Amino acid sequence: LVSSPVWNVSLAGLAPIFEATQQPLIPTWYPWPGESATLAFSKPQAVQGETITIRRVQHESDLGSRRRTTRLRLGVECSLAEDLQIAIDPRAEVTQLKTGSQRIPVRRVDDQLIVSTRPGQQTFDVEWIVNAPLLATAELGQVTLPMDAANVTSILHVPKERWVLWAGGPRMGPAVRFWTILACGLMLAVGLGSIPRSPLKKYEWILLALGLTQIHVIAAMFVVGWLFLLVWRGRIQVETFTRWRFNCLQVGIVMLTFVALAILLIVVGEGLLGNPDMFVSGNGSSRTYLQWFQPRTGPELPNPYFVSVSVWYYRLLMLLWALWLAVALLRWLKWGWLQFTQGEGWRQPIKKPTPVVEGSS
């Protein structure tokens with residue numbers, strides 16, 4: 001029996017024999033008298049399904065203050081040649097449409113971009129621009145495909161002059177961890193202000209914590225430790241220290257003071273001249289590059305967003321914080337000097353009395 005692949009054949013009765021001398025497995029029967037084999041033929045029924053599969057999508061947008069440029073890359077596999085309709089922003093001006101390295105004409109009806117496909121695997125690249133101002137809340141933009149899509153990557157390029165406050169979208173994407181760090185810093189500041197003999201008041205600890213969130217936690221804890229070291233220095237009994245130990249302690253405090261002042265100076269410089277560190281991470285994201293991934297979506301592609309303001313708001317806040325720090329630091333240094341010189345500031349070696357030699361007359 002040699003049957004076409006379009007037929008399903010079910011066998012009953014006498015089992016067939018497959019000829020070992022032939023490469024294809026062809027069933028053959030050798031019935032004896034009284035034996036029979038029953039063959040039932042049926043044609044498979046067609047199953048309703050899509051003739052186009054979107055295997056991967058990359059949707060990214062470069063945001064400007066007045067204009068945004070969006071690029072869409074589709075990896076498509078088709079069983080039939082037909083048109084693929086993509087719904088984009090009606091205000092969009094399509095500047096490029098190509099498959100592989102070959103440009104193809106742009107066909108558009110209202111908000112529907114019509115792309116002609118061919119059987120097999122292919123890649124389409126679409127680029128368009130939209131004239132729209134950049135608001136506090138910016139989205140990637142809504143794009144609707146005619147069917148479900150898989151392996152969807154969404155990318156937002158944030159201008160350097162924007163201060164990203166929050167980001168939202170699919171679960172596998174960036175997270176702004178600054179707010180968690182700030183909450184932990186504020187709770188720690190309130191706890192430090194509640195310690196007896198704390199060198200600073202609660203509101204001073206809170207204000208100091210706001211600025212120290214922009215540096216590494218070890219450097220921030222160094223400044224905190226320096227302040228408590230001065231408190232401890234003012235309470236010790238210097239008479240119990242030997243001259244060598246006491247002078248080494250004083251030298252160490254001076255060196256730690258210069259290091260703490262250098263850390264605070266770096267914080268002020270980064271705040272006034274640098275960019276805010278919001279500790280944006282997740283799926284390869286950074287302050288200016290936000291990337292999300294979703295393994296499967298419906299016809300509507302994900303539309304992630306972020307909330308931002310001008311970076312000058314951050315620099316203005318850091319200027320106010322730097323002015324407060326300058327005034328507070330003068331007060332802290334005056335208080336620190338009193339702690340540093342409590343008892344005595346430097347211990348001189350004890351001079352032995354010079355013996356008096358009586359002369360003879």
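In which strand is the place of F41? I looked this up in the predicted model and found F41 in strand β4.

**Entry: surface**

I next checked the exposure of F41, which is partly exposed at a relative accessible area of 45%. F41 belongs to one of about 570 Å², together with L1, V6, W7, V9, L11 and L39. I noted which strands contribute: β1 (8-13) and β4 (37-42) supply at least two residues each.

**Entry: cysteines**

How many disulfides does a search of the whole structure find? I recorded zero. I also looked up two cysteines. C78 is buried, with a relative accessible area of 6%, whereas C248 is partly exposed, at 38%.

**Entry: nonpolar cores**

I turned to the largest nonpolar core, which holds 54 residues. Those touching the most other members are W205, L208, L290, F306, W321 and W332. I listed the elements that give this core two or more residues: the strands β15 (162-168) and β18 (289-297), and the helices α1 (178-193), α2 (202-212), α3 (217-235), α4 (243-273) and α5 (311-340). The largest share comes from α5, with 10 residues. Apart from this core I found another, of 26 residues, including I86, L97, V115 and V130.

**Entry: contacts of F306**

Which residues does F306 touch, if those up to four places away in sequence are not counted? I recorded L63, A136, T137, A138, L156, V158, V164, W166, A167 and L290. One of these, L290, is listed with F306 among the core residues that touch the most other members.

Note on methods
Residues are numbered from 1 along each chain as its sequence is written. This is a predicted model: local features need pLDDT of at least 70, side-chain atom pairs count only at pLDDT 80 or more; totals for chains, interfaces and linings use all residues. Side-chain values use heavy atoms; hydrogens and water are left out. Patches are made of residues with over 30% relative accessible area and no salt bridge: like charges are joined within 9 Å, nonpolar side chains (Val, Leu, Ile, Met, Phe, Trp, Tyr) within 5 Å. Accessible areas come from the Shrake-Rupley method with a 1.4 Å probe; for residues, only the protein chains shown count as cover. A salt bridge is a side-chain nitrogen of Lys or Arg within 4 Å of a carboxyl oxygen of Asp or Glu. Helices (H or I, at least four residues) and strands (E, at least two) are DSSP runs, numbered from the N terminus. Buried means under 20% relative accessible area, exposed over 50%, partly exposed in between (1.4 Å probe, protein chains only). A disulfide is a pair of cysteine sulfur atoms within 2.5 Å. A nonpolar core is a set of buried Ala, Val, Leu, Ile, Met, Phe, Trp, Tyr and Cys residues joined through side-chain atoms within 4.5 Å. Contact means heavy atoms within 4.5 Å.
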